[in-house]
Amino acid sequence: MTAVANSLHAAPRAFELRLLSVIARKVIREASRDRWFWLYCAGFTALAGAITITAVPDHNLIGSGGFGRTAASLVALVQLVVPLMALTLGARYLAGERDSGTLVFLLCHPVSRTEVLLGTYVGLAGSMFAAVATGFGAAGLFSALRSAPTDPVLLVRLAALSWLLSLAMLGLGLLISSTVRSASTALGTALFVWLAVVFLGDLGIMGTVVATRLPVGALFATVMVNPVEAFRLASVVALDGSLDALGPAGTYAVDRFGDGIADIALGVMATWTIAAVGAAVLAFRRGDQT
Amino acid sequence: MIRVDGLTKAYRSKVVVDDLSFSVEGGEAVALWGPNGAGKTTVIRCLLGLVRYEGLIEVGGMDVGTHSKLTRGLIGYVPQELGFYADLTVAETLALSSELRGLARSRIGEVIEAVSLGAEAGKRVGELSGGMRQRLGMAVALLPDPPVLLLDEPTSSLDVTARRRMVSLLDSLRGPERVLVITSHRVEEVGMLVDRVLALDAGRLVHECPPGELTGRLNLESWLHVVLPSSQTAGALAHLTAAGFNAQENGHGVLVGVSPEDKVSALGCLREGNFEIMDFEVWR
């Protein structure tokens, strides 16, 4: 048998889940050694713990539209920290691999760019799951230690929604990483996107409403385009809170969509995830950058 | 084994490989030779299917443009700038590579021994010297025992001892079914390792010849810097010029233009004239 025939004996298929798993495990191992990842995790866990400790004594009070202060504060924390973690983690990853030359190491093997990108995405999603679970685990632990435990089902729901938000943001991060040339540019772009979805989205919408007297339906649609706002809405619904807390858009949502609003919010986050990952795959496959 | 037909690659509007055609048969060792910017590394990246290109490339009879994953299974590649995960050990790096190729781990020990990295198997890649990293690059490339080896400037970052060891290793890898494609800008190295040279300039194939003919075809010249006592410099310059050498004064000695295969004749000329040669080095 010739060398070529030997080498082709186990010819690879176009897409192999085995390779996706190998790359995902490698990414999780890398993330577990990344100081930025641990810094974010520690910050998120510390803040979640602190919120729980300070909010638990009042958790039986009604506030923030009908759900506990702990949960409301955790939603606010997640809105800020999780998008920042996921966007920067995703944006730095492939661009960092490109900067260090390890992307060439991966791509000179019989793996496709799609397998590399999706394996990276799955690995980073696993890392984000660990980070979110750790943060909410700390919140639950502190809550239990204070003899006034927050409903564990509520925490699990909130953690699951936080992870869904992180999946959408990771997709955007990888899209950035697939299209820029260096890790520093990717990081800068990710921070700009974070500002846009977390702060400029809110301020922009408020300004637009004032300036254009936007109809409430259009206002709701504008709010829901933002995955962070969709997360907030889904969280309020999942925690059995009142959407009135979200102002006229929340009231409109209840009137217009009733119980289906949570599905819409989840659909928005899922659409962002699929669209961002799909666009990242296309950009990475098309790119010449190694 | 490798067929390239009308390969053209441009980055934005800059053409870096221009209508390149060549083929390499099984058992052949070929050098892509050329100055920096000649397009050698780009050709290698096209052969690997890492970048998009125009034209046709076949490896093992398969089109790289449509089957790059499959053709990469036939290729072992040592890049010029080795990018490894610094936190992984040598053995972990090879384990990752074998997982990516779907190979049995039993092969790892063999390649570690083949490149003499046995003592460093447990060392982190970030702790390795340049020469050791180069050998690790070779180990990764040899892991699948590939029929095609692409080596991009395999000795460029090595000191003299490591370079000699690498040349010896590369020589031992030649076989009746294996193709070696080496990029280099060192004429002497090319002469030791390959059967045929493809000389590139600005992305175009300018010469295709046996390595021994390369210097003549390209009118290449090296410079021999000979250090002499300052009192003898003027006399040596006159002596060399009279003997037909292109010589000029330089610092503590003379610079003599020589062909890469005949550097010793200038030294012989100076010895015949009883000049005291204190030191010498070759500049290119």
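**Questions and answers on the model**

Colleague: Which residue forms a salt bridge with B:Glu99, the closest N and O atoms being 3.2 Å apart?
Modeller: A salt bridge puts a side-chain nitrogen of Lys or Arg within 4 Å of a carboxyl oxygen of Asp or Glu. For B:Glu99, the closest N and O atoms are 3.2 Å apart, and the partner is A:Arg25.

Colleague: What kind of model is this?
Modeller: Residues are numbered from 1 along each chain as its sequence is written, chains are lettered from A and ligands numbered from 1 in the order in which they are written, and side-chain values use heavy atoms, with hydrogens and water left out. Local features need pLDDT of at least 70, side-chain atom pairs count only at pLDDT 80 or more, and totals for chains, interfaces and linings use all residues, this being a predicted model.

Colleague: Why does the pair of B:Glu99 and A:Arg25 join two chains, and in which helix of chain A is A:Arg25?
Modeller: Helices (H or I, at least four residues) and strands (E, at least two) are DSSP runs, numbered from the N terminus. B:Glu99 belongs to helix H3 (residues 90-101) of chain B, so the pair joins two chains, with A:Arg25 in helix H2 (residues 17-31).

Colleague: Is A:Arg25 buried, partly exposed or exposed?
Modeller: Buried means under 20% relative accessible area, exposed means over 50%, and partly exposed lies in between (1.4 Å probe, protein chains only). B:Glu99 has 22% and is partly exposed. A:Arg25, with 44%, is also partly exposed.

Colleague: With which residue of chain B does B:Glu99 form a salt bridge?
Modeller: B:Glu99 is bridged to A:Arg25, and B:Glu99 has a partner in chain B too. There the closest N and O atoms are 3.5 Å apart, and the partner is B:Arg105.

Colleague: How many residues apart are B:Arg204 and B:Asp18?
Modeller: B:Arg204 and B:Asp18 form a salt bridge with their closest N and O atoms 2.7 Å apart. The pair links distant parts of the chain: B:Arg204 is in strand S10 (residues 204-209) and B:Asp18 in strand S2, at a separation in residues of 186.

Colleague: What is the relative accessibility of B:Asp18?
Modeller: B:Arg204 counts as partly exposed at 43%. B:Asp18 is partly exposed as well, at 25%.

Colleague: Which residue of chain B is linked with A:Glu16, A:Arg18 and A:Glu115 in a network of salt bridges?
Modeller: Over all chains, the structure holds 17 salt bridges. In this network, A:Glu16, A:Arg18 and A:Glu115 are linked with B:Lys69.

Colleague: In which strand of chain B does B:Asp19 lie?
Modeller: B:Asp19 has a phi near 50°, a positive value in a residue other than glycine. At 48% relative accessibility, B:Asp19 is partly exposed. Its strand, covering residues 14-24, is S2.

Colleague: What is the relative accessible area of B:Asn274?
Modeller: Phi is also positive at B:Asn274, near 60°. B:Asn274 sits in the loop between helix H10 (264-272) and strand S14 (279-283) of chain B. B:Asn274 is exposed, with a relative accessible area of 66%.

Colleague: How many helices and strands are there in chain A?
Modeller: From the N terminus on, the elements of chain A run α-α-α-α-α-α-α-α-α-α-α-α. Chain B has ten helices and 14 strands, whereas chain A has twelve helices and zero strands.

Colleague: What share of the residues in chain B is buried?
Modeller: In chain A, 52% of the 290 residues count as buried. In chain B, which has 284 residues, the buried share is 51%.

Colleague: Among contacts in chain B between residues at least 6 apart in sequence, what share joins residues at least 24 apart?
Modeller: Contact means heavy atoms within 4.5 Å. Among contacts in chain A between residues at least 6 apart in sequence, 82% join residues at least 24 apart. For chain B, the corresponding share is 66%.

Colleague: Which residues have the most contacts inside the largest nonpolar core?
Modeller: A nonpolar core is a set of buried Ala, Val, Leu, Ile, Met, Phe, Trp, Tyr and Cys residues joined through side-chain atoms within 4.5 Å. The largest has 162 residues, and those with the most contacts inside it are B:Ile2, B:Leu94 and B:Met138.

Colleague: How far apart are the C-alpha atoms of A:Val223 and A:Leu233?
Modeller: A:Val223 is part of helix H9 (residues 216-225) of chain A and is buried at 14% relative accessibility. A:Leu233 is ten residues from A:Val223 along the chain, and their C-alpha atoms are separated by 9.6 Å.
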